[in-house]
Amino acid sequence: METILSIKNLNKNYGKLQAVKNVSLEIHKGNVYGILGPNGSGKSTTLGIVLNVVNKTSGDYSWFGGKLKTHDALKKVGAIIERPNFYPYMTAKENLELVCKIKGINYSKVQEKLEIVGLTDRKDSNFRTFSLGMKQRLAIASALLNDPEILILDEPTNGLDPQGIHQIRDIIRLIASQGTTILLASHLLDEVEKVCSHVLVLRKGEILYSGTVDGMSSTNGIIELKSNDNKSLINILQKYPNIDKIKEEDGKVIIISKTNIEPSELNKYLAQNAVYLTHLVKRNHSLEEQFLQLTGK
């Protein structure tokens, strides 16, 4: 699988503050990657470094397998890392044509990209009349003008109303379906869960998880148990192997394990110790549960 971006042991210090700590990530063609974390977790700094607008302290990164220098590689990258900034008294079409002129792109791309972001009916409207969501969609159209191999978005739905959020997410899915690799930073679990195939979870610059979104939500198994004597149930469970945590919640005993526990084997073990269950349900962590556990909140 073709590697679009490779990040290895990246670090960034601002004086005594270490904003990025030993971050590594491989981005392969055709996937949608999310960098997830609360504000101040190092998401934007990481994006800034690979886009050559923030200087790294140490570590390394390379674009397209190291075949191109960063300056040349970035010509194949589309990015939005700040608020959309266009000329307010120029139309959407005129603003995009100006970008084409500066970058040496054929004007025919303007109509094509306006269609992707759903702004063809407003192409002759001045930018100053646009809502925040429309401004963000125009920014995405601008970032797509050079037909980038990867699109990088920093908090793409930040500040938008529900309708605007829905529109941006639909556009991201459409762009991904057309084969463009996407890397987005977000503090919203819902965003990552709905549009990303892979996720890197950061807290205070450190990686807590890196892998598929599905893999994150199924890392730990949860089994809910109940008996007529939960106290005895807990005592017996404490002797069972591979259980990481036992807690009592709403009259049920919850056990958490990083390894797979077969409910039938567990039930058999409890029966052999004269503990009989009235309730047994096995489930996986939701992405939200796993994220909260990872970040300690």
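**Note on helix packing and the mixed sheet**

1. Leu233, Ile236 and Leu237 of helix α9 meet Leu266, Tyr269 and Leu270 of helix α10, where contact means heavy atoms within 4.5 Å. By class, this contact holds 6 nonpolar, no polar and no charged residues (Ala, Val, Leu, Ile, Met, Phe, Trp, Tyr, Cys and Pro count as nonpolar, Asp, Glu, Lys and Arg as charged, the others, Gly among them, as polar).

2. The model is predicted: local features need pLDDT of at least 70 and side-chain atom pairs pLDDT 80 or more, while totals for chains, interfaces and linings use all residues. Numbering starts from 1 along each chain as its sequence is written, and side-chain values use heavy atoms, with hydrogens and water left out.

3. The axes of α9 (residues 230–237) and α10 (residues 263–272) come within 11 Å and cross at roughly 110° (axes are lines fitted to C-alpha atoms, for helices over the stretch in contact; angles run from 0 to 180 degrees between N-to-C directions). Therefore α9 is roughly perpendicular to α10 (65 to 115 degrees).

4. An open sheet of 6 strands has the order β5-β6-β7-β3-β8-β9, with mixed pairing (at least two DSSP bridges between two strands; helices are DSSP runs of H or I, at least four residues, and strands of E, at least two, numbered from the N terminus). Its edge strands are β5 (77–80) and β9 (206–212), each pairing on one side only.

5. Strands β3 (residues 32–36) and β8 (residues 198–203) pair in the parallel sense over 4 bridges; Gly34 stands opposite Val199 in β8.

6. Helix α5 (residues 132–144) lies across β5 and β6 (150–154), at about 160° to β5. Helix α6 (residues 162–177) lies across β3, β6 and β7 (181–186), at about 150° to β7.

Key:
Parallel < 35°, antiparallel > 145°, perpendicular 65-115°, else oblique.
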